[in-house]
Each structure stands twice: as C-alpha cells, then as structure tokens.
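Student: I've got a new model open on my screen and I'd like to talk it through. Can we go from the whole chain down to single residues?

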Amino acid sequence: MPRTMENPISEFKTLRGLERIGAACRNTWDGLRWAWRSEAAFRQEVVLIVIATVVALLLPVSGFQKLALVGVLVVVLVVELINSAIEAVVDRISLERHPLSKAAKDLGSAAVALTLLLAAATWAVVLYNRFV
C-alpha cells in the first residue's frame, strides 16, 4: 500500500518475512557502526564492557550472578544507543540552541548516568556478597 496522507506508514514497514529480518539486521549493524564511529562515549563503554564481561565470566559466582553482571552492562549500551538516537534527532531538527533541545539531551544523559549507577550497584552487591 503506497504511503499517502491518509496512510502515513513508512515504506520500510511494508517488508515481510525474511526480507524484514534482513533489513532489520542491516539496520542494526549500521546503527552499531554509526555509534562506534561517531560516539566516543559508546566506544569507551564498549571497551569497558568487554573487559568487565571477561572479568564477570571468570568470577567464582553463580551463572545467574554472571548474567546479572553482564546483563546490566548490556543495558548501559542500550541506553547509550537510545541517548545517541535522541541527540541525532534533536540535531537533525535544528542545531540552534533551544531549551527543549537541551532538555532532551540532558534527559538522555541522565538516563545513561542512572544506568551506570545501576551497573555499579549491581557489581558492588554481587562482589560484596561473594567476597565480604
């Protein structure tokens, strides 16, 4: 069905089956590549998370605790990607300074910060319970 004013659905929503899955995989890969090339915070977090994942897998803790340690790190990356998407949309709309643009970017940054605090707390609790 063509996109019209009455049917404002994106042309990308018309894909079905394996074609849709393939497009989703390409879009995912493109997003990760864009984040790696364009976002220093994403690169820093990936390096930290790779190291921390190796440490988590080597720790003498339960499988569930390892999952929690690695999972919370993945959540940090997810929120960082969402924050980067918000920043890209704001910049796409206008590079002009505006209080709502600042608020959108600051809220995204706050979400990343809270996620990092959650990750730190998760690691602290697991390590405390295991070694103290």
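This is a predicted model: local features need pLDDT of at least 70, side-chain atom pairs count only at pLDDT 80 or more; totals for chains, interfaces and linings use all residues.

Student: Which pattern does the chain follow along the sequence?

Tutor: Count the elements first: there are four helices and zero strands. Reading along the sequence then gives α-α-α-α.

Student: Is the chain compact or spread out beside the globule rule?

Tutor: For 132 residues the globule rule gives 14 Å. The radius of gyration is 19 Å, well over that, so the chain is more spread out than a compact globule. For the overall dimensions, the C-alpha atoms fill a box along the principal axes of roughly 65 × 45 × 25 Å.

Student: What percentage of the residues count as buried?

Tutor: Buried means under 20% relative accessible area. Of the 132 residues of the chain, the share that counts as buried is 24%.

Student: And among contacts between residues at least 6 apart in sequence, what share joins residues at least 24 apart?

Tutor: Contact here means heavy atoms within 4.5 Å. Among contacts between residues at least 6 apart, the share joining residues at least 24 apart is 64%.

Student: How far apart are the mean positions of the positive and negative charges?

Tutor: The chain has 14 positive and 11 negative charges.

Student: On to the helices. What covers the buried residues of α3?

Tutor: Helix α3 runs over residues 63-93, and its 31 residues reach 45 Å from first C-alpha to last, close to the 45 Å expected. Its buried residues include L69, V72, V76, V79 and S84. Their cover includes α1 (17-38), α2 and α4.

Student: Is S84 buried or exposed?

Tutor: S84 is in helix α3. Leaving aside neighbours within four places in sequence, S84 is in contact with W34 and E39. Its relative accessible area is 4%, and the cut-off for buried is under 20%, so S84 counts as buried.

Student: How far is V79 from V112 in space, C-alpha to C-alpha?

Tutor: V79 is also found in α3, and at 16% relative accessibility V79 counts as buried. Beyond its neighbours within four places in sequence, V79 is in contact with A111, V112 and T115. Along the sequence V79 and V112 are 33 residues apart, but in space their C-alpha atoms are separated by 5.8 Å.

Student: And L67, is that residue buried or exposed?

Tutor: L67 is found in helix α3. L67 and V47 are 20 residues apart in sequence, with 18 Å between their C-alpha atoms. The relative accessible area of L67 is 56%, and exposed means over 50%, so L67 is exposed.

Student: Which residues is T122 in contact with, leaving aside neighbours within four places in sequence?

Tutor: T122 is found in α4 and is buried, with a relative accessible area of 18%. Between T122 and S101, which are 21 residues apart along the chain, the C-alpha separation is 32 Å. With neighbours within four places left out, the contacts of T122 are A68, L69 and V72.

Student: Last one: which residues does V126 contact, again leaving aside neighbours within four places in sequence?

Tutor: V126 is in helix α4, and at 7% relative accessibility V126 counts as buried. V126 and S109 are 17 residues apart in sequence and 26 Å apart in space, C-alpha to C-alpha. Setting aside neighbours within four places, the contacts of V126 are V61, Q65 and L69.

Methods
Residues are numbered from 1 along each chain as its sequence is written. Side-chain values use heavy atoms; hydrogens and water are left out. Helices (H or I, at least four residues) and strands (E, at least two) are DSSP runs, numbered from the N terminus. The radius of gyration is taken over C-alpha atoms; the globule rule is 2.2 Å times the number of residues to the power 0.38. Buried means under 20% relative accessible area, exposed over 50%, partly exposed in between (1.4 Å probe, protein chains only). Lys and Arg count as positive and Asp and Glu as negative; His and the chain ends are not counted. The place of a charge is taken as NZ of Lys, CZ of Arg, CG of Asp or CD of Glu. The expected span of a helix is 1.5 Å times one less than its number of residues.
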